Amino acid sequence: MSGPVSRLTPAMLLFLALTLNASAETVADTARAWGLIGPWSLDCSVPPDRGKGAVLAYEIASGDRVIHRRNFGDATDESDVVAAAVSDDGMLNLRVFFPKLKQTREYGFAMQPDGTMRAMYNRNQNNQYTIRDGKFTANGKPTPPQHKCR
């Protein structure tokens, strides 16, 4: 082979290798590398409360699965994170199956310079948003930062 095709072949092989390597990364690897693993809350100094802030925890479970636990104080639940990917802009995009709701939701988090994270979007499988562009669709208010609890 000669000419443009021979110069393109190494680039194509490199692209293929990078693509295969990226697709081999697990949900747990992605969540861990982004910094998601652990409990998050609007205010870590108060106990979980539906009105004052739930504690949302992301944990690595057996089989390298990621579990999303929600603690509202008066109720808790647990769901599987079925997909995780980081966008070119650094946003963590998750797909979570909520068995009690019988629905899959997709949402994205942006890590802030101070180490907090903000929900930038949250939608159901019918593309109905509760958060879009970092704002609640119900009232247009920006989503608050969530702090990592230690």
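Strands S3 and S4 pair in the antiparallel sense over six bridges. Two strands count as paired if DSSP finds at least two bridges between them. Strands are DSSP runs of E with at least two residues, helices are runs of H or I with at least four, and both are numbered from the N terminus. Valine 66 has valine 81 in S4 as its bridge partner. The hairpin of S3 and S4 has four residues between the strands, and there glycine 73 takes a positive phi near 90 degrees.

This is a predicted model, in which local features need pLDDT of at least 70 and side-chain atom pairs count only at pLDDT 80 or more, while totals for chains, interfaces and linings use all residues. Residues are numbered from 1 along each chain as its sequence is written, and side-chain values use heavy atoms, with hydrogens and water left out.

S3 (residues 65-71) also pairs with S2 (residues 55-61), in the antiparallel sense, over seven bridges. Three residues lie between S2 and S3 in their hairpin. Glycine 63, in the turn, has a positive phi of about 75 degrees.

Now turn to helix H2, residues 27-34. Its residues Val27, Ala28, Thr30, Ala31 and Trp34 are buried. Buried means under 20% relative accessible area, exposed means over 50%, and partly exposed lies in between (1.4 Å probe, protein chains only). Seen down the axis of H2, the buried residues fall within an arc of 165 degrees, so they line one face of the helix. That arc is taken from the directions from the helix axis to the C-beta atoms. The buried residues of H2 pack against S2, S3, S4, S5, S6 and S7. Just after H2, glycine 35 takes a positive phi of about 100 degrees.

What are the residues with the most contacts inside the largest nonpolar core? They are Leu36, Tyr58, Val81, Leu94, Tyr107, Phe109 and Met117, in a core of 22 residues. A nonpolar core is a set of buried Ala, Val, Leu, Ile, Met, Phe, Trp, Tyr and Cys residues joined through side-chain atoms within 4.5 Å. H2, S2, S4, S5, S6 and S7 each give two or more residues to this core. A second, separate core has five residues, including Met91, Met120, Tyr121 and Tyr129.

Methionine 91 sits in the loop between S4 (76-86) and S5 (92-98). Methionine 91 is buried, at a relative accessible area of 16%. Beyond its neighbours within four places in sequence, methionine 91 is in contact (heavy atoms within 4.5 Å) with residues including Trp34, Phe109 and Met120. The C-alpha atoms of methionine 91 and phenylalanine 109 are 5.6 Å apart, though 18 residues separate them along the chain.

Asparagine 93 lies in S5. Asparagine 93 is buried too, with a relative accessible area of 18%. Its side chain makes a polar contact of 2.6 Å with that of serine 87, and another of 2.7 Å with that of tyrosine 121. A polar contact is a pair of N or O atoms within 3.5 Å; within protein, one must be able to donate a hydrogen and the other to accept it, and residues adjacent in sequence count only if both atoms are side-chain atoms.

Last comes the disulfide, a pair of cysteine sulfur atoms within 2.5 Å. Cysteine 44 is joined to cysteine 149, with S to S at 2.0 Å. The two cysteines are 105 residues apart. Cysteine 44 is partly exposed at 35%, whereas cysteine 149 is buried at 13%.
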